[in-house]
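Colleague: I have the complex open and would like to go through it with you. Can we start with the domains?

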Amino acid sequence: MELTEQQSRWLAGEAGASIQWAMTFNEALGHFFDAPRMVPVSSAHFAPDTRMAGMAGKDLLQRLVDDNARVVVPSYLDPCTVDFGRAAELIASYGLTEEFVQQDRAVFRHCRELGFLPTYSCINYQTVTPPRFGEHLAWGDTGTAISANSIFGARTNFEGGPSALASALTGFTPAYGMHLAENRSANLVVKIDCNPREIADWGAIAAWAGQIATGYDTVPVFYGNFSSPTLNMLKQLGVALASYGGHAMFHVVGATPEAPSLEVACGGRIPADEHVCTETEMEAVFDRSQLDQEAVDLVVFAAPQLSIDEVAEIVDRMDGRRVHSGTKLIMAVDPQVRAQADNAGISHTLAALGAELSTGTCFYQEAPLMREKTGWRTVVTNSAKLVNALASAGYSSAFRRLGTCLDAATTGRLRS
Amino acid sequence: MNPSVVLSGGRGLGEDVRGPCLVSQHGFGVRYDLDPATGVISNQEHDLYGHALSGKILVCPYPKGGVAASWCLADLKGRGIAPLAIVFRRASPIFVQGALFADIAIMHGLKDDPCGIIRMDDDAGVFPRDGRIEIYR
């Protein structure tokens, strides 16, 4: 990989141990993927993920803080594992340990000391700053990254914790994968021959399409005669494609910026094979997830966090119905949306209906830590990704449309 | 010992290792399939459900998921329960980042399909710099 004179000096350690670590990490990554050079990034998005990072992550952050390292580009934080505003309640009633809460707190304190902004958001493109078409980013959280690539036409790979951190400290990332135009053209054509009407429908299409051809190199394009999807629908499509297919980019003809036509989305070479998603394929995704009991412990709207219009729609569709006494309704939002909900009086309305806003978290990270103490087993959600993410944590999950989810929340039963 | 089978043409990083293989026909994701506290596959729908990764060469067709793998491999290694190496048909950036951070061998892009040739419990040597896997039967 060709490095600039400055990057070579950083690699040699002339800018200190932290920059040398960051350059060494991203240089090795670039070498693996045959990146010809590094490109400057406009911003970074970093997921500390305290539970998954464990001591290895905490030690790395501590080392960087001790070395007085600082980020050099605007750098955003992914959700925490703990809603710190409810820490005492989460310890007393939900099974989080004091030790874990302190560890999460320390990790995010270190992030602040390094200069990260406390956005605690996996939808920062929607609630903080949307990326600009064509700009290079170093964004972590797969749902965040695929949205930046696909909905906005920005360019980022999936940056896990260490590589996003390295790019935040240097302002550069190796140019491979989604940074290169030749890797962004569609190579999987999906005709939508049904009528997706809400975000869960787009999640179902993604769960189906993601399993046709998995892999980072697969870029699906969707076309057909359907109502143009909203931003929230595209958000759900991307998050679920990343989850089920490992995809980092998609196109929807007429709705995403690099797909004015099917031919352009495919880089001028439309693949001969085409896959068709009819009502049958879409409904099968809903039908295949069933609870092992009728009683519903949890209804969760998360993965990704909700925008303010999604929160408002849920309140509207609740239509004054209270959450069932044996069920919890949890909605994950970032602090930006929480403030908007507070200002609009929506938080108050939700509390009066018995619903909970979990702020700065996205539920699936903390869910495994809560199951034993709470005894929660069954989850109903309109997020296809959440069903995937809870599979290893011992939950029985059902993926349903919003209306069915709200019926489950208010009756405590899933009947369809 | 002469290898019974040699797979070549791969791209890898990390040190040479030798050990028993865990072979899956499913994808693998840390958050989706693994209990990070124990290093045991905890997704009941996975074909390696109940298997521990510790000391094994994990062979899978494709990676799943995101950020979790970039961190968790290093944490598993710190607790002595990490896999020796990971082999995919095609790796994702996230798993390469995680293996790099953890200093665990990883390989992908072999000419032949590792999931079709390597068998469960095969004794294998992984040579990332050479892009080669040797199987001793």
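Modeller: Domain bounds here come from an automatic or database domain assignment. For chain A that assignment gives domain 1 (5-181), domain 2 (185-286) and domain 3 (289-411). This is a predicted model, in which local features need pLDDT of at least 70, side-chain atom pairs count only at pLDDT 80 or more, and totals for chains, interfaces and linings use all residues. Residues are numbered from 1 along each chain as its sequence is written, with chains lettered from A and ligands numbered from 1 in the order in which they are written.

Colleague: What separation do the centres of domain 2 and domain 3 of chain A have?

Modeller: Taken over C-alpha atoms, the centres are 26 Å apart. The contact takes 15 residues from domain 2 of chain A and 15 residues from domain 3 of chain A, where two residues are in contact if their C-beta atoms, placed from the backbone, lie within 7 Å.

Colleague: Which helices supply the domain 2 side?

Modeller: H9 (199-210), H10 (231-245) and H12 (279-287) of chain A each supply at least two residues. Helices are DSSP runs of H or I with at least four residues, strands are runs of E with at least two, and both are numbered from the N terminus. That side of domain 2 has ten nonpolar, three polar and two charged residues. Ala, Val, Leu, Ile, Met, Phe, Trp, Tyr, Cys and Pro count as nonpolar, Asp, Glu, Lys and Arg as charged, and the others, Gly among them, as polar.

Colleague: Is helix H8 of chain A buried or exposed?

Modeller: Ten of the ten residues of H8(A), residues 161-170, are buried, so the helix is largely enclosed by the rest of the structure. Buried means 20 or more other C-beta atoms within 10 Å of the residue's own, exposed 12 or fewer, and partly exposed in between, with C-beta atoms placed from the backbone. After H8(A) comes Gly171(A), with a positive phi near 80°.

Colleague: Changing topic: how many residues does each chain give to the contact between them?

Modeller: Chain B gives 35 residues and chain A gives 33 residues. On the chain B side, H2(B) has the largest share, nine residues. By class, that side has 18 nonpolar, nine polar and eight charged residues.

Colleague: And what ipTM does the predictor give the complex?

Modeller: The ipTM is 0.95 and the pTM is 0.96.
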